[in-house]
Amino acid sequence: MKFSNRFTSGLILLFTSCGALAQSELDVRVKPSNDALKANIEGYIGGVGERDEEALLRFSRGAEEQARKAAQALGFYQPQIASEVKAGKNPRLILSIDPGEPVHLRNVTIRVDGPAAELKSFRVPDSQDLKSGAVLNHGHYEDAKRLIQNQASRFGYFSGRFTQQKLSVDPQAGVADIELVYDSGPRYTLGKVNFAGDTPFDEELLQRMVPFQSGTPYDSELIAELNQALQSSGYFEGVRVDAAPAAAANDVIPVAVQLETRKPRTMGLGLGFSHRRRPARQGQLDAALGQPPGAQLWLGGGTVGAPAERRPVVRHPPRPATDRQAALCRWLPERRTGQHRHPEQVAHPRPGMAQQVAQRLDTGDLAQMAARRISPGG
């Protein structure tokens, strides 16, 4: 019993201590008020964790340094920072920051050299935040570099590099200079598209789905369009398009496409209606209904005492590869004109068959229907 009491007391003490530690807080105070700076400091420091008063005192030194870096990132290079730990039930670390005057941009040079300079689609960063006189923000500087690099990757300037990338800050003078110069190098081109994998279509037909010709200047949007064209055809379960710059020879990138044909699926043509208070019946029939050989007609009903739902559904066997290829040939011109009619929209039951099946269902004689075949003639 004594052991039990000691164990219980220990648990109570442990939970009490953890509860107290979990309530430690960070209080950032910026004067004059600056919401962006306050949020950036809090983001740099993160949470104070489960710390008591003594632990917060040790943590405060690192917190001050993180706050200084957060202030510099937004152009405040001479902040006054003080920390204080408030004891009590909820210990708090208070950071008081006077950011001082921010650093302003003085000389800004951002330029793209090489063939990319002649490409109208290649945008040079021209934000007002990067003009002379604007407050220095390291994030805007990094964004400008990222924009140039992303465009170089999109338009195929894979040999490009920064010949100058410099951010010089003079905190005493309160000014900063930016120099960003990018040499694009040559623009790579797209080579021949090679198809591989499981596909029922011949090479000529697949090449008609390629939205570019060999020798076209590289554009990642063209690769995305090729992938979308193959996916939207509905015939492929898996599509993988690779255009790796590392595989380029003489600045020409080969395009490799790996295909996996979609497995045969069940197609349905349904007619639904209800009759109240009819017993459930169900039959399975082999039906012609103008469908390919092997099609089956499934007839289903509801439950006794509930609305009975009758749904004739035609299930198709897999279509031969030659039929699928012919359907895709008819679909390709329509896709290019924007009509987007799916290639599977080709076979339909003969006119009047749905009405004929509905009339037979109305008689309620599903058992008799299941015992014999239904022909288009009735």
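**View 1. Aspartate 251 sits in the loop between E8 and E9.** The model shown is predicted, so local features need pLDDT of at least 70 and side-chain atom pairs count only at pLDDT 80 or more, while totals for chains, interfaces and linings use all residues. Residues are numbered from 1 along each chain as its sequence is written, and side-chain values use heavy atoms, with hydrogens and water left out. Although aspartate 251 is not a glycine, its phi is positive, at about 65°. Its relative accessible area is 30%, so aspartate 251 is partly exposed, a class that falls between buried (under 20% relative accessible area) and exposed (over 50%), computed with a 1.4 Å probe on protein chains only.

**View 2. Asparagine 250 belongs to the loop that runs between strand E8 (236–242) and strand E9 (252–261).** Asparagine 250 is a residue other than glycine, yet its phi has a positive value, near 55°. With a relative accessibility of 77%, asparagine 250 counts as exposed.

**View 3. Helix H6 spans residues 220–232.** The 13 residues of H6 reach 18 Å from the first C-alpha to the last, close to the expected 18 Å, a span defined as 1.5 Å times one less than the number of residues. Leu222, Ile223, Leu226, Ala229 and Leu230 are the buried residues of H6. Seen down the helix axis, these buried residues fall within an arc of 120°, so they line one face of H6; the arc is that of the directions from the helix axis to the C-beta atoms.

**View 4. Aspartate 219 caps the N-terminal end of H6.** A side-chain oxygen of aspartate 219 lies 2.9 Å from the backbone nitrogen of glutamate 221. After H6 comes glycine 234, whose phi is positive, near 85°.

**View 5. Helix H2 (residues 35–45) packs with helix H3 (residues 53–73).** The two helices meet at an angle of about 135°, and their axes are 8 Å apart; axes are lines fitted to C-alpha atoms, for helices over the stretch in contact, and angles run from 0 to 180 degrees between N-to-C directions. H2 and H3 are therefore oblique to each other, the class left once angles under 35 degrees (roughly parallel), over 145 (roughly antiparallel) and 65 to 115 (roughly perpendicular) are set aside.

**View 6. Proline 32 lies in the loop between strand E1 (25–30) and H2.** The peptide bond that leads from lysine 31 to proline 32 is cis, with omega near 0°.

How values were computed: Helix = DSSP H or I, 4+ residues; strand = E, 2+ residues; numbered from the N terminus. Polar contact = N/O pair within 3.5 Å; in protein donor to acceptor, adjacent residues only side chain to side chain.
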